[in-house]
Amino acid sequence: MDDEKLIPDLSNWRKFNGKDFSIDDWIVGEGNVNFAIAYSFLFWPEFVEYDDCIIFKNHFDKSNFENWKNTEYIKSYAQIESVLNHIHILDLFGTDEKKDEVTYDQILFLGNKLCEIYSTKLKHEFPEKKFIFNFNGNEKLTAFDEYEITFYQEKNLNRMTKYGT
């Protein structure tokens, strides 16, 4: 892992603090408790279980779920979970200015890391359930804002909505 490729600011810090300046050192210099707490919600999210689906708590709304369930082109509950659980990587960064600073390597690293974290959290909370994760990071997309992750339960692939066949 090229840490300076993932965190370009490290090279500036190392110019003044030496080549042994670590990511942990950088966090001490740049981080703060507010960001650490906020990121904890991203990296260890809460989930809700509704109608035998597992959804990010901050993405869940009962009426929205029911609307998706009654949408003609939604055939399976896996599609509902997938839609409600998707995250565009660049949506994690607020302004267009900050989004313009992001690189493909950063998107790839963060997307893979989030899948790993969410998989671990879901196995911990729902050990009897099997989840499928999708991250389109290996595709060469035309715009960085198209990169996204999502997940759904394997069993919900065959669990049809009223429009499923």
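Trainee: What share of the 165 residues in the protein chain is buried?

Mentor: Keep in mind that this is a predicted model. Buried residues make up 34% of the 165. The label means a relative accessible area under 20%.

Trainee: How many helices and strands does the protein chain have?

Mentor: It has 8 helices and 5 strands. From the N terminus, the order is α-α-α-α-β-β-α-α-β-α-α-β-β. The C-alpha atoms fill a box of roughly 65 × 35 × 25 Å along the principal axes.

Trainee: What makes Cys53 count as buried?

Mentor: Its relative accessible area is 0%. The cut-off is under 20%, so Cys53 is buried.

Trainee: And why is Cys115 called buried?

Mentor: Cys115 has 12% relative accessibility. That falls under 20%, so the label applies to Cys115 as well.

Trainee: How many disulfides does the rule give?

Mentor: The count is 0. Cys53 is in no disulfide, and the nearest cysteine sulfur, in Cys115, is 19 Å away.

Trainee: Where does Pro45 lie?

Mentor: Pro45 sits in the loop between helix H4 (33-43) and strand S1 (47-50).

Trainee: Why is Pro45 called buried?

Mentor: Its relative accessibility is 5%. Buried means under 20%, so Pro45 qualifies.

Trainee: Which residues is Pro45 in contact with, leaving aside neighbours within four places in sequence?

Mentor: They are Ser40, Phe56, Tyr118, Lys121 and Glu125. Contact here means heavy atoms within 4.5 Å. Take Tyr118: it is 73 residues from Pro45 along the chain, yet their C-alpha atoms are separated by 7.9 Å.

Trainee: What share of contacts with a separation of 6 or more joins residues 24 or more positions apart?

Mentor: Such pairs account for 59% of those contacts in the protein chain.

Trainee: How many positive and negative side chains are there?

Mentor: The protein chain has 19 positive and 30 negative side chains. The centres of the two sets lie 6 Å apart.

Trainee: And what is the accessible surface of the protein chain?

Mentor: It comes to about 10,400 Å², and 53% of that belongs to carbon and sulfur atoms.

Technical notes:
Residues are numbered from 1 along each chain as its sequence is written. This is a predicted model: local features need pLDDT of at least 70, side-chain atom pairs count only at pLDDT 80 or more; totals for chains, interfaces and linings use all residues. Side-chain values use heavy atoms; hydrogens and water are left out. Helices (H or I, at least four residues) and strands (E, at least two) are DSSP runs, numbered from the N terminus. Buried means under 20% relative accessible area, exposed over 50%, partly exposed in between (1.4 Å probe, protein chains only). Accessible areas come from the Shrake-Rupley method with a 1.4 Å probe; for residues, only the protein chains shown count as cover. Lys and Arg count as positive and Asp and Glu as negative; His and the chain ends are not counted. The place of a charge is taken as NZ of Lys, CZ of Arg, CG of Asp or CD of Glu. A disulfide is a pair of cysteine sulfur atoms within 2.5 Å.
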